[in-house]
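Hi everyone, thanks for coming.

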Amino acid sequence: MTMNAFVTGAFDTAIGKLPGSSCMGLHAEAALGAVADAGLALGDIDGVLCAYSFTQPHLMLASVFCEHLGIHPGFCAAIQAGGASAAIMVMQAAALVASGQCRHVLAVTGDNRLTGLSRDGAVAALAEVGHPEFERPFGISVPASYALVAQHYMHEHGVTSEQLAAIAVEHRRHAARHPKAQMQAPISVADVMASRLIASPLHMLDCCLISDGGAAVVVSARDAARDTRGQAIEILGAGQGHTHEHIVAAPSLSDFGCKASSRTAFERAGVRASDIDVAEIYDSFTITLAVELESIGFFERGEAGIAAEKGELGLGGRLPCNTHGGLLSYGHSGAAGGMFHVIEAVHQLRGRAQARQVPDARLAFVHGDGGILSAHCSLVLGTH
Amino acid sequence: MNRPLPQATAESRPFWDGCAAGELRFQRCRHCGKSQFIPRTLCEKCQHADLEWHVASGLGRILSFTVVYRAPTPAFREDLPYVIALVDLDEGFRQMVNMDHDLATPLAIGQPVRIGFRQVDGVALPHAHALTGATA
């Protein structure tokens, strides 16, 4: 199977605390990098997709970006689906090139969430995803919402905080192999358990980072991909799943849209979960990844943390997962956080992941989750 | 910064009026019988607009809970640590509420609770307290 679409360029900026950076500056740097990586000129880009920004919020972010860069594409739109945005942008870009409406679509993300907003500012801005009448008056936050999922999950499956902590520990091990990762110092399960409680049962080290950074990809049509320089990575399958926005309205605290999104993506690609060589899956919290890994079918219910303890998510494990360190240790700068997962999958499939390379990686699974496990998008990428 | 207080909409006004009157109200679809929360203009299950407001007993059980130690905004800092619970009401709908943190009755999933009301900055918000007795 094929989606008739290829990732032909990929680039991410530095990540972490980047004084002097700006939302549009990071967008521009990522965009130029991705276009150069593809061996294209800016004039070859005839479609542009952006996501959203906290530091420079705008009703028409994609138009603001095109104005900033000085380009005038034939298609331009912004996609807002929280952490699922990047994967959805790639899926939408694939549809644009496969349908013949565009030849080369630039999907670009970036935000200076750390220096432009402060940690308190970021936490407060994120809390606004809570329902204004039926969640926010009770002091809900994104971590507290995921904590509600975690408490339920641990109760249902007899999972311990230490098992969830093992997921964070493996992410830090991955990040230590990536020269750009924001957090590289090794951590232990005891460190996670000793970090301050944010919303029980989640500790500080169960939670993702807040970063400055940008990332972009170019998605090209089959014939247009021949004009590019780098190794093209094929988009073999994509799918979405949507069940709710607010956690109070989630139909289940166990089953989420990742089940449907991954099933569709695997079916379109004609592969099974067990065929995947490397996975880059949204990890806003340790619980996020545990629920997704199990819902998608990589592990049995309640066993993701146990698998992490055994090293199965590590390099050389059964499913090397988030080989760049993920949102937990590589970095998280808004929609770019999800794009880092896409970029890392491209690095792995091109065999350019250096110290963190999964040998002979030919099939990658990428997944984004927006809201409180609300909006999901899965991608299957493969070597062409 | 002030606490975010509910601003009633056309759909939710009967709920907040109920809170002010000490009643926990919810919508039920006359067509398919589904109870629902958040209030809407139509039924989330069958999309019929034939909704009727009912008064709930306030009795339910904890589906999940968290103790929050990091406030989303400065307005909530004075309450730390505080409990947020998802409660499944006996009438078949779900609510998010704050709960008294009574150390004599450890919080547990399945714990029976009763939802009453607490005045916050002049607004009656639903608020749960644990009912003593065995958890289910």
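**A quick tour**

Let's start with helix H6 of chain A, which is mostly covered: 13 of its 15 residues are buried. Buried here says that 20 or more other C-beta atoms lie within 10 Å of a residue's own; 12 or fewer is exposed, in between is partly exposed, and the C-beta atoms are placed from the backbone. Helices (H or I, at least four residues) and strands (E, at least two) are DSSP runs, numbered from the N terminus.

Before I go on, this is a predicted model: local features need pLDDT of at least 70, side-chain atom pairs count only at pLDDT 80 or more, and totals for chains, interfaces and linings use all residues. Residues count from 1 along each chain as its sequence is written, while chains are lettered from A and ligands numbered from 1 in the order in which they are written.

Back to H6(A), residues 161-175: at 1.5 Å a residue, its 15 residues should span 21 Å, and the end C-alpha atoms are 22 Å apart, which agrees. That expected span is 1.5 Å times one less than the number of residues.

Now strand E1 of chain A, residues 5-12. Of its 8 residues, 8 are buried, so the rest of the structure largely encloses it. E1(A) runs antiparallel to strand E7 (residues 212-221) of chain A, with 7 bridges joining them; pairing takes at least two DSSP bridges between two strands. In that pair, Phe11(A) sits opposite Ala216(A). E1(A) also pairs with strand E8 (residues 233-242) of chain A, again antiparallel, over 2 bridges, and there Val7(A) faces Ile233(A).

Over in chain B, 3 strands make an open antiparallel sheet, ordered E2-E1-E3. Its edge strands are E2 (35-36) and E3 (51-56), each pairing on one side only. E1(B), residues 24-29, is joined to E3(B) by 6 bridges, with Gln27(B) opposite Trp53(B).

So where do the chains meet? The contact takes 30 residues from chain B and 29 residues from chain A, counting residues whose C-beta atoms, placed from the backbone, lie within 7 Å. On the chain B side, strands E4 (59-68), E5 (82-89) and E6 (94-99) each supply at least two residues. Which one gives the largest share? That's E4(B), with 6 residues.

Key: Two residues are in contact if their C-beta atoms, placed from the backbone, lie within 7 Å.
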